[in-house]
Amino acid sequence: MKKAVFSGSFDPITKGHEYIVRQALPLFDEIIVAIGVNIMKKNTFTLEQRLEWIRDVFSDCPNVKVKHYEGLTVDFCKDNSASFIIRG
């Protein structure tokens, strides 16, 4: 299974973020949109709001999962068996 991670703060998610994920959909079996939580960064919107918005945006895409994490992106990828990172 080809699994990829698209990480960011998504504060908020934008049409550009959505475009990148939708362009990558044919390339992977699963894409995880991962919100990186950084306690040193002040966010405009809560984590719960951002998770909900991303789920709503990709509600028509069963192979897009939405998660959050703390720490290094590479560790999150390893923990989720993702071999690819999507960048814009």
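Two strands pair if DSSP finds at least two bridges between them; strands (E, at least two residues) and helices (H or I, at least four) are DSSP runs, numbered from the N terminus. The model is predicted: local features need pLDDT of at least 70, side-chain atom pairs count only at pLDDT 80 or more, and totals for chains, interfaces and linings use all residues. Residues are numbered from 1 along each chain as its sequence is written, and side-chain values use heavy atoms, with hydrogens and water left out.

**Exercise 1.** Describe the largest nonpolar core and the contacts of F58.

*Solution.* A nonpolar core is a set of buried Ala, Val, Leu, Ile, Met, Phe, Trp, Tyr and Cys residues joined through side-chain atoms within 4.5 Å; buried means under 20% relative accessible area, exposed over 50%, partly exposed in between (1.4 Å probe, protein chains only). The largest core has 19 residues, and I54 and F58 have the most contacts inside it. Two or more residues each come from β1 (3–8), α1 (15–24), β2 (30–37), α2 (47–57) and β3 (64–70). Neighbours within four places in sequence aside, F58 is in contact (heavy atoms within 4.5 Å) with I13, E18, V21, R22, V33 and V64.

**Exercise 2.** Classify R55 as buried, partly exposed or exposed.

*Solution.* R55 lies in helix α2. Its relative accessibility is 46%, so R55 counts as partly exposed.
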